[in-house]
Amino acid sequence: MKIILTLSIFLICFLQLGQSVIDPSQKDVMSDLLFNLYRYSKSLDPCDHPYVLCKTINSTSTLQTVTDLNFGAAAIQEYVVTQDLTPLQNLTNMYIGYNIYLTSSFFNYVNKFSQLTLVNLYSLKATIPDDTIFPASLETFFISRPSVPIGRAIFESNVKYLYINYPLIGYSLPTLINVNPYLENLQLQLTFYSGYPSNLSQVFPNLQDLEIQVDNDMNQNNYSNFSISNIGVFKNLKSLRFRFTNGDNPQELYINSFLSNVPKIDYIYINGLGVSIDPSVGILDFSYIKAENNFELQIQQSSILNNCKGTCVKFPKNSSFRSSLCAFSYNGIDFSNLQYFQDSFNDYEQNLPNIDNAPLLNEIEISLSIVVGNIPESYCRINKLSLHNNELNGTVPSCIQCLGGNKVGSMVLPNPLLNFNKTSEPYCPSFKIDQNYTNVLPTDGTEKIIITGTNLGWAGNYLTTIIPNSKLAITIPRGVGTNKSITVTFQNGEQRTFYYNYIPPFIKSYSVLEFDGQKFFTINGTGFDFENSNKITINGQQITFYNAIGGGDNDGMIELPIEELPNFASESKFTVSAFIGGQSSNEVTFYYFNSINITEEKLVLNNTGGSVDITGLFGTNNISLVSVSINGTICLVTSYTSSKLTIKYPSNQIGDNYVLTLNVGGYAVNLVVEYIQGEIPTPSPTPSTTPSTTPTQSPSTTPSTTPSATPSPTPSTTPTTTPTQSPSTTPTQSPDDDVSTSSTLSISFYLITLLLLIHNLFNN
């Protein structure tokens with residue numbers, strides 16, 4: 001039995017050597033801290049505590065280092081952290097919760113935490129010295145319930161995201177002097193005793209998100225009036241939010257100095273009472289804003305529009321407006337640039353807004369408001385209409401009557417309307433379709449039959465909306481030929497048949513392209529069959545080409561393996577025509593070349609026009625066979641050999657969405673062109689290892705660039721830097737991290753104790 005016990009103890013000790021334990025340099029400070037906060041036994045490994053997260057120091061070590069302190073639970077009693085935490089050299093996240101406080105001395109050595117990225121303080125009772133140096137790694141700092149002045153140090157650090165909330169008596173904001181290019185997101189709370197730095201736009205030039213919470217409730221003890229203002233322009237601000245008090249005795253404040261200095265803003269949010277339009281200005285004019293995205297103004301339980309007279313809000317084009325729990329007149333809104341309008345719980349009694357001068361407006365949602373009267377006919381053109389749960393007590397327009405309560409009742413019901421309810425039957429004597437419509441369509445299925453009329457509805461089978469009730473589009477499939485028809489059913493149940501033709505084939509040019517090592521003879525043009533093969537006549541011989549690819553903004557292209565083409569001598573003439581869907585094409589004469597290519601991969605041209613050389617292999621010295629155009633505009637060829645040509649090109653606007661087409665005897669090659677500002681030297685050729693006209697896709701897939709394709713610019717994506725979540729009070733672990741929960745000596749202790757007990761039982 002003693003042998004078994006000895007072997008068991010040996011095995012446990014052996015396993016212990018492979019188990020992870022906290023770094024000895026961190027053990028004492030963490031054990032002492034956890035004992036004082038939560039009476040956690042000093043004999044236990046601190047890394048086992050649920051509010052501590054540890055990671056192995058490296059892949060070969062069994063020692064663990066503390067990375068996260070998440071003291072979300074309150075301490076057993078109010079506790080001030082006096083321990084020197086500098087041994088926690090790998091600390092990255094720090095959350096100090098309720099009833100736990102840091103001293104000023106912590107900030108004297110905070111710069112030693114070279115990996116610290118986030119600090120979240122539930123409360124702050126100790127001042128942060130102005131000479132504090134925060135680590136460059138620190139990105140996010142939350143300060144809640146500060147009861148001391150906030151010094152300059154945190155505002156002059158490298159922190160990107162700074163949030164200050166729920167201040168207590170003793171809190172104040174500093175005078176800011178030094179410019180800080182790092183801060184991007186800022187949240188401040190202002191009180192009558194806090195003061196306010198009015199130069200935020202100047203000291204934080206790269207600020208993108210600003211929230212200002214204003215405690216303007218005059219019922220507070222010892223309240224004294226204060227003001228807030230802004231000096232300068234927020235050049236990069238994208239989001240601005242104001243939150244005022246919801247109390248019944250607010251101080252009146254003006255924020256025009258902010259709202260008139262945000263030229264790139266995307267979103268403004270105003271909540272609470274006491275905020276008004278400055279009477280010396282009389283209007284919120286946002287029309288100067290050049291938003292990267294469509295601008296949106298949202299007000300909630302706000303008084304800012306309550307007392308406006310006449311037009312008091314103007315917007316930039318394609319803006320949105322949202323409102324809830326307010327009481328203002330729609331007459332104060334300039335609808336001319338709005339595309340979206342939403343209002344709910346508006347206590348101001350009035351009629352629906354006049355939208356006769358709102359050409360961009362396509363969505364209206366008004367609900368749970370004291371809105372009375374009729375629904376105007378102009379509302380029939382709104383793409384998304386929702387007017388339910390108001391007090392509309394007049395009539396509905398004919399477009400609503402046409403569809404009946406069963407189909408569109410949800411748009412306008414419930415409301416005490418005079419001529420419409422849930423059981424109303426469709427009644428549509430004014431339904432009318434205009435006789436003239438587009439009836440010749442491309443074969444690639446990219447265009448639609450456009451119909452106009454009266455009370456056409458919002459939808460239907462094969463129908464898409466352009467302007468509700470007055471202009472709809474009928475989806476037409478790919479096809480070829482003439483005397484086609486399609487029958488559609490409108491939203492009111494009416495059926496109509498429309499007749500149309502596909503355009504006849506038209507041949508423009510040819511090329512020789514290579515797909516996956518195989519060469520193909522291709523013909524470019526319009527009116528080809530995209531679903532089936534195409535019959536092409538070359539020098540009187542009918543040849544079957546594959547179904548067309550491409551289309552849309554570019555010409556279609558049909559292809560044939562080069563070996564199936566009749567043999568042609570270089571520069572020999574050949575004629576090409578097509579008969580597709582019962583329609584004949586034009587007959588063209590081309591000159592055969594096995595290959596034409598341009599050396600340059602891209603041309604950069606002066607936007608004022610000029611002259612440029614183009615090099616390559618052009619197959620002939622006969623200049624009469626050569627033409628050059630840029631986006632369809634002919635360029636003058638002033639000099640030409642079989643390997644170099646010079647053109648005079650036209651002026652154009654700056655941009656990279658241009659295509660130069662070189663046509664040699666009908667063989668067409670494209671080249672991307674960018675126009676830039678100012679004079680530039682003639683570019684030297686940039687050799688290409690692969691001819692620019694040779695795509696790499698197989699013939700069964702659509703090439704990214706056809707010989708007549710117009711390339712589209714690549715969109716850019718601007719990353720957002722706004723953090724999406726606050727730190728959790730519960731430690732989390734990434735599955736990709738090399739993290740192991742430390743095994744503690746306590747586990748071994750319990751196992752040894754258990755074995756000793758077993759041993760004693762056997763001996764007894």
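This report describes the disulfides, salt bridges, nonpolar cores and one surface patch of a predicted model.

Local features require pLDDT of at least 70 and side-chain atom pairs count only at pLDDT 80 or more, whereas totals for chains, interfaces and linings use all residues. Residues are numbered from 1 along each chain as its sequence is written, and side-chain values use heavy atoms, with hydrogens and water left out.

**Disulfides**

A disulfide is taken as a pair of cysteine sulfur atoms within 2.5 Å. The whole structure contains four such links. Counting bonded cysteines along the chain, the pairing pattern is 1-2, 3-4, 5-6, 7-8.

For accessibility, buried means under 20% relative accessible area, exposed means over 50%, and partly exposed lies in between (1.4 Å probe, protein chains only). Both Cys-47 and Cys-54 are buried, and their link is left-handed, with -90 degrees about the S-S bond.

Helices (H or I, at least four residues) and strands (E, at least two) are DSSP runs numbered from the N terminus. Cys-380 has 7% relative accessibility and so counts as buried; Cys-399, with a relative accessible area of 1%, is also buried. Two further cysteines, Cys-326 and Cys-635, are buried: the relative accessible area is 4% for Cys-326, and the relative accessibility is 4% for Cys-635.

**Salt bridges**

A salt bridge is defined as a side-chain nitrogen of Lys or Arg within 4 Å of a carboxyl oxygen of Asp or Glu. The count by this rule is 15 salt bridges. One of these joins Asp-32 and Lys-42, whose closest N and O atoms are 3.5 Å apart. The two residues, 10 residues apart, connect distant parts of the chain, with Asp-32 in helix H2 (residues 24-38) and Lys-42 in the loop between H2 and strand E2 (52-56). Asp-32 is partly exposed at 26% relative accessibility, and Lys-42 is partly exposed with a relative accessible area of 42%.

Another salt bridge pairs Glu-156 with Arg-152, with 3.5 Å between the closest N and O atoms. Glu-156 is partly exposed at 30% relative accessibility, and Arg-152 is partly exposed at 30% relative accessibility.

The side chains of Lys-238 and Glu-292 form a further salt bridge at 3.4 Å, N to O. Here too distant parts of the chain are linked, 54 residues apart: Lys-238 is in the loop between strand E11 (209-214) and strand E12 (239-243), and Glu-292 is in the loop between strand E16 (284-285) and strand E17 (296-300). Lys-238 is partly exposed at 22% relative accessibility, and Glu-292 is partly exposed at 48%.

**Nonpolar cores**

In soluble globular proteins, nonpolar side chains tend to be buried together. A nonpolar core is here a set of buried Ala, Val, Leu, Ile, Met, Phe, Trp, Tyr and Cys residues joined through side-chain atoms within 4.5 Å. The largest has 125 residues, and those with the most contacts inside it are Phe-141, Phe-155 and Leu-305. Helix H2 supplies the largest share of this core, six residues. Apart from it lies another core of 51 residues, among them Phe-521, Val-576, Ile-580 and Phe-618.

Contact means heavy atoms within 4.5 Å. Leaving aside neighbours within four places in sequence, the contacts of Phe-155 include Leu-162, Ile-164, Leu-173, Pro-174, Asn-180 and Phe-204.

**Surface patch**

Leu-325, Phe-345 and Leu-368 make a nonpolar surface patch of about 260 Å². Patches consist of residues with over 30% relative accessible area and no salt bridge, with like charges joined within 9 Å and nonpolar side chains (Val, Leu, Ile, Met, Phe, Trp, Tyr) within 5 Å. Accessible areas come from the Shrake-Rupley method with a 1.4 Å probe, and for residues only the protein chains shown count as cover. Phe-345 lies in the loop between strand E20 (338-344) and strand E21 (350-351), and it is partly exposed at 39% relative accessibility.
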